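Please look over the sequence and the model below before reading the notes that follow.

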Amino acid sequence: MICAQGFTPLTQFGFSCSLSSALKTERHGFSTPQLYSPSPVKFCFVVSRISCNYQDSTFSVPRASKFRDLRLFKSVELDQFITSDDEDEMGDGFFEAIEELERMTREPSDVLEEMNDRLSAREFQLVLVYFSQEGRDSWCALEVFEWLQKENRVDKETMELMVSIMCGWIKKLVEGRHNVGDVVDLLVDMDCVGLKPHFSMIEKVISMYWEMGEKEKAISFVKEVLGRKLSFIKDDWEGHKGGPSGYLAWKMMVDDDYRGAVKMVLHLRESGLKPEVYCYLIAMTAVVKELNEFAKALRKLKSYARDGIVAELDKNNVELVEKYQTELLADGVRLSNWVLEEGNFSIHGVVHERLLAMYICAGQGLEAERQLWEMKLVGKEADADLYDIVLAICASQKETKAMKRLLTRIEITSPMRKKKSLTWLLRGYIKGGHFRDAAETLVKMVNLGFLPEYLDRVAVMQGLRRKIREPENVDTYLDLCKCLSNANLIGPSLVYLHLQKHKLWVIKML
């Protein structure tokens with residue numbers, strides 16, 4: 001809702017600020033979304049040439065009349081404020097004020113001061129609406145609101161009304177495809193009338209550009225906001241996707257443009273701008289998603305190659321794959337360093353969590369294990385499943401020392417948790433083709449009373465059988481068969497040897 005410092009209007013836009021020296025000392029260079037044509041009156045001033053009208057960029061201001069239909073307001077949505085009964089509330093003072101303000105022979109503040117006692121709060125609202133119409137002097141609406149602020153006559157309804165008017169101007173600038181700078185100019189000028197943009201307004205502008213397909217303008221808008229250090233009400237930063245750059249990166253991720261989101265954030269930082277801290281975290285999430293999608297694509301490609309649908313990757317393609325993955329990881333590390341440089345210790349755990357996810361997706365066991373301990377050091381304990389996943393990756397790569405460190409924690413866990421961890425270890429060995437180690441793990445699980453999954457048992461036995469000619473694998477295979485048979489997991493096994501020279505078969509039942 002609305003307070004002195006900030007509010008969230010019905011239109012999901014918001015502002016709050018105060019009109020300062022820009023209007024008090026000099027009435028030149030003030031941007032408004034509509035123009036009036038110059039006329040030889042007492043104080044003709046220069047304004048930025050921004051128009052909310054689709055037809056003309058300038059307007060002439062005819063004299064007001066009691067018979068004007070003041071209920072046709074095309075430029076803003078004001079149904080909640082203006083009703084058919086408003087015409088009855090317009091007294092003679094209202095029409096005199098309109099005529100005096102349009103004549104522009106005196107300062108608006110002088111006119112309003114003189115009419116102060118004759119105008120009700122509702123009539124002041126109608127004055128605002130009148131001058132906010134297309135073809136009217138929008139600047140005058142700002143002057144009226146500024147005077148109401150100084151006189152402490154801006155209540156909740158009037159504030160919402162002015163916010164709605166401002167939002168209509170912003171919307172027309174964007175939809176009218178005006179320069180991005182014009183939109184930011186209007187946001188900056190709001191500070192001069194006591195309205196500071198709420199972050200929901202920034203989100204809305206970015207969304208409008210995005211839905212119109214103006215993605216480059218959305219990026220330019222964010223650059224302008226950051227470059228001009230536009231201040232706005234920022235209540236729940238994390239819930240709002242981390243500010244302008246973070247919100248834009250999030251929009252890109254929604255469209256599955258993960259790489260684009262990362263490049264955009266890197267570009268902002270390299271351009272000398274300073275995106276919000278949470279923006280880097282969102283970009284790190286984009287790195288994780290891109291690595292994950294890349295890994296899934298590689299697995300699918302390898303399955304096609306096994307089925308003979310496509311050719312195996314040659315050396316050059318393998319190098320390109322590794323290079324792309326390395327670049328993604330490097331980008332993620334750069335982003336993490338920028339977050340850590342901010343010195344906000346409370347989010348260090350989140351940084352290491354993102355790095356952990358990155359290295360898991362990239363299949364780098366040692367780096368992933370290091371992030372587990374980094375998380376522990378900053379007080380953020382990783383989920384037990386993450387330890388198991390890293391254990392499986394290290395097992396597939398036969399990183400013995402890392403595996404030993406990770407296995408120490410399962411000694412004090414519950415039987416169910418221990419079985420799950422050993423299953424991950426077993427599958428890691430299978431994935432890496434280390435079938436002797438897998439067989440030893442399988443035997444260990446059976447001896448502990450755990451029932452390994454059927455597919456895991458079959459995979460280990462088939463892997464050993466393919467390498468049965470290797471002397472060291474024979475004993476391992478026989479020990480595994482005996483263990484599984486004793487546990488009634490397989491039937492009796494026949495081991496045979498054929499001596500071709502003597503035409504002799506040696507058969508033994510286990």
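At its relative accessibility, does Trp373 count as buried, partly exposed or exposed? At 28% relative accessibility, Trp373 counts as partly exposed, a class that lies between buried (under 20% relative accessible area) and exposed (over 50%), as judged with a 1.4 Å probe on protein chains only.

This is a predicted model, in which local features need pLDDT of at least 70 and side-chain atom pairs count only at pLDDT 80 or more, while totals for chains, interfaces and linings use all residues. Residues are numbered from 1 along each chain as its sequence is written, and side-chain values use heavy atoms, with hydrogens and water left out.

**The chain as a whole**

- The protein chain holds 21 helices and two strands, where helices (H or I, at least four residues) and strands (E, at least two) are DSSP runs numbered from the N terminus.
- Of the 510 residues in the protein chain, 48% are buried.
- When contacts (heavy atoms within 4.5 Å) are taken between residues at least 6 apart in sequence, 68% of them join residues at least 24 apart.

**Aromatic pairs**

- There are eight aromatic pairs in the structure, a pair being two rings of Phe, Tyr or Trp (its six-membered ring) with centres within 6.5 Å, called stacked if the planes are under 30 degrees apart, edge-to-face if over 60, and tilted otherwise.
- Among them is the pair of Phe124 and Trp147, which is tilted because the ring planes stand at 35°, with the centres 5.6 Å apart.
- Since Phe124 belongs to helix α4 (residues 121-132) and Trp147 to helix α5 (residues 138-150), this pair ties together parts that are 23 residues apart in sequence.
- Phe124 is buried, with a relative accessible area of 2%, and Trp147 is buried, also with a value of 2%.
- The pair of Trp373 and Tyr387 is tilted as well, because its planes stand at 55°, and the ring centres are 5.9 Å apart.
- Trp373 lies in helix α15 (residues 365-377) and Tyr387 in helix α16 (residues 384-396), so the pair ties together parts that are 14 residues apart in sequence.
- Tyr387 counts as buried, at 2% relative accessibility.
- Arg409 lies over the face of Tyr387, at 4.2 Å from the ring centre; for a charge to sit over a ring, NZ of Lys or CZ of Arg must be within 6 Å of the ring centre and within 35 degrees of the ring normal.

**Helix packing**

- Helix α8 (residues 199-211) and helix α9 (residues 215-227) pack at an angle of about 155°, with their axes 7 Å apart, where axes are lines fitted to C-alpha atoms over the stretch in contact and angles run from 0 to 180 degrees between N-to-C directions.
- The helices α8 and α9 are therefore roughly antiparallel to each other, a term for angles over 145 degrees.
- The crossing of α9 and α10 is left-handed, and the residues in contact include Ala218 and Val222 of α9, and Leu248 and Met252 of α10.

Methods
Parallel < 35°, antiparallel > 145°, perpendicular 65-115°, else oblique. Left-handed = near helix turned anticlockwise from the far one by under 90°.
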